[in-house]
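Keep the viewer open as you read.

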Amino acid sequence: MTQQDDALRREIRDWIAREAPLDWRTASTHEAFVASQRSWFAKLVGAGYAVPHWPREWPGGGRSLAEQKIIYEELARADTPRLLLSFVSTYHAFATLAECASAQQRSHYLPRILEGETWCQGFSEPGAGSDLAAIRSRAERRGDVYVVSGQKVWSTMAQYADMCLLLVRTSGDGPKQAGLTYLLMDMRLPGVSVRPIHQIQGDEEFAEIFLDEVEIPVSQRVGEEGAGWAVAQATLASERGLTLMELSYRMRGAMVRLTEAVHAAGRTCDAGILRKLGALATRVDAVCALADRFLQKRMDEDERAGDASIVKLAYSRCLRAWSDLGVELADLSGQMHGPITFGDLNSGNWMADFMNSYAWTIAGGSDEVQRNIIAERMLGMPREPKNWITEPGQ
Amino acid sequence: MNEMRRELEDSARKVFPDWQAAQNAEVCWTQMAELGWFMAGVPEALGGLGLERRDLAVIFTEMGRARMPGPALAQFLALEALVQAPDFPEREELLENAMAGKAITTALTVAGNGLAAVPDADTASRILVRSADEVALVDLAGAKITLFPTWDGSRRLFTVEPAPNSPRIPLAAGIEAAALTERLDGLLCLGLAGDGLGGAETVLAMAIEYLGTRRQFDRPLAMFQALKHRAADLKVALETATALYEASSEAAPLALGAMKAHCCEVYKQVAEEAVQFHGGIGLTVEYPVHLFLKRAFLNRALGGSAAFWNESAGDAVLELASAG
């Protein structure tokens, strides 16, 4: 740890003590929560902590990975709100624009992100989840526009988004990846409608997007027609390490919710519960150590294929176990339905936390897909034959 | 991993390229001494290499990876006791001999559990006795030594009753003994955890290689997703435990105990699945996969049970929360 790192840590710690909102958990509606997200993001932008991973020419940009780690460590330690609303904008949209878009697209959209314009991701479809390349939303070129029809699903906060990273099919010929094209879609265009998804924990973090003859200018295309799959890889690779570190640290900080639950249940002398609590605390520490080690590997440029999947899987399973112990401790009282806390994976409303934990075992590549990646790319286990063929006579 | 740890690992793998290379206990012991392992943790001022605990941690993993026989873990505890004890007349000579490979044994149980699970007590010169009141080296001449045959068999364990009035060299007493004993329990746990992770790595590789070569239904078993997913879960558990292990070599004894419980459970989980992956052949004595499962079970039972450590860790979590 260098002196500059220490200075940065002190600086951000002081700033958080002055500026961080303390009442974000009291939002009683999703709209109120989103409003608090917007104001927190604006504060972070103003202080130069919102986009430490952007290049130096942006306010607060040009931070090393080590410095980014410090910023997220401190934001997690102080239990500040996670940046849900601006996450896709600052990571996915940024990576896509920075790596694949035209200079004109970049200079138009990047400043607007810092001004609070939010993005969503229109990739998954009802028939294209783990098998993303099976996308069927169709874009047909008519002069200077693509006319797009189809349906997208699992778009985080799409109901509040200004823009959408949209992956569509422009051709049905050849390998299914080859017929995809990447567009930047204004969510206010005629023909776009959004329906929030009512989730099992009572929140509406995801939405469906319906596209009915939406006319998107060809100038909104990123990369060539048919090159969408490669652009999408840049979007998907935009972030893993820092978020999982931040989430792991938040889970460790929230061990206190479990100890409160042990007290509330009057089970401080219950050896069986103490064993579970001790084993879980060790596991949470292990996940934090794993996330740290992964970031270190990134800094050392020593990352192996599958490493990111290991961290995600370790975290998502541990998060489930964390909330599961809470549900057990809360016993019958935990089954009483009460208000949920928006944007908090570790709220101590155990049933909500448990239901919420599925977001991490499914979103961003399900646990099952991560296991395939680890087995095939890291352990060298062979892939199944590519095409499923019905044998003659069946 | 820094240069020193990389070197330790490389030199170990030259001498012990695979687990079969380390099966003769006497030869293995000489090789360990030649590698300088017994000097590793001793400060340079006392004639050692002055390496840190996280360097020793690499050695422990190598011991497990090659499923090494012998009383090396006990030797590391004795060396640590000699280093940490306040100076006394015989220390220099005892340290010199121990660094050269003269075996001092000790119980591989946490303090307060008597002299059980003592490796190679029949050939060691002395036994390190650890308790909250006293840490001492006791002469083994005339001691009642009973073989404790284990399922593991890779290490020879004994129960020891020293002869009454055996010559003893006190190393620490009172509050110093309590602190030293705790420290040694922590080192024992670190050693067992590292051994487990090294062993788990070997047995997982063994299982995955087997799945890749064994063919049924016209394809390698490794192609079946049901098996891939289980193998991936084992890899995740192993990598997670390894990250914890690497991060906590300098941790407090209680954290090391909880870490040991976690890592030994992972070893057992990996070895248990590895036997299952091998199908029928995994049940045959000729096929070595069972050796790792048995070592995993013994490791788990040494150095304090998971129940003991997890309960202590749970207590600590509660205390920390109410303090902070």
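Two residues are in contact here if their C-beta atoms, placed from the backbone, lie within 7 Å. Helices (H or I, at least four residues) and strands (E, at least two) are DSSP runs, numbered from the N terminus. Axes are lines fitted to C-alpha atoms, for helices over the stretch in contact, and angles run from 0 to 180 degrees between N-to-C directions.

A word on bookkeeping: this is a predicted model, in which local features need pLDDT of at least 70 and side-chain atom pairs count only at pLDDT 80 or more, while totals for chains, interfaces and linings use all residues. Residues are numbered from 1 along each chain as its sequence is written, and chains are lettered from A and ligands numbered from 1 in the order in which they are written. The model scores ipTM 0.96 and pTM 0.94.

Start with chain B and its open sheet of four strands, ordered β1-β3-β4-β7 with mixed pairing; two strands pair if DSSP finds at least two bridges between them. Strands β1 (104–106) and β7 (168–173) of chain B sit at the edges with a single partner strand each, so one side of each has no neighbour in the sheet. From one strand to the next the twist averages 20°. β1(B) runs parallel to β3(B) (residues 126–130), and three bridges join them; B:T105, for instance, has B:I127 as its bridge partner in β3(B).

What lies across this sheet? Helix α7 (residues 174–213) of chain B lies across β3, β4 and β7 of chain B, at about 95° to β7(B). Helix α5 (residues 72–84) of chain B lies across β1, β3, β4 (134–139) and β7 of chain B, at about 100° to β1(B).

Chain B also has an open sheet of three strands, in the order β2-β6-β5, with antiparallel pairing. Within it, β5(B) and β6(B) (residues 157–161) pair over five bridges, and B:L147 finds its bridge partner in B:F158 of β6(B).

Now for some helix packing. The axes of α1 (residues 3–15) and α4 (residues 53–65) of chain B come within 9 Å and cross at roughly 25°. These two helices are therefore roughly parallel (that takes an angle under 35 degrees; over 145 is roughly antiparallel, 65 to 115 roughly perpendicular and the rest oblique). Among the residues that meet are B:L8 and B:A12 in α1(B), and B:V58 and B:I59 in α4(B).

Over in chain A, strands β2 (residues 138–142) and β3 (residues 145–156) run antiparallel and are joined by five bridges. They form a hairpin with two residues between them, and A:G143 in the turn has a positive phi of about 65°. A:R141 has A:Y146 as its bridge partner in β3(A).

Finally, how many residues does each chain bring to the contact between them? Chain A brings 34 and chain B 33. On the chain A side, α9(A) gives the most, with 16 residues. By class, that side has 21 nonpolar, five polar and eight charged residues (Ala, Val, Leu, Ile, Met, Phe, Trp, Tyr, Cys and Pro count as nonpolar, Asp, Glu, Lys and Arg as charged, and the others, Gly among them, as polar).
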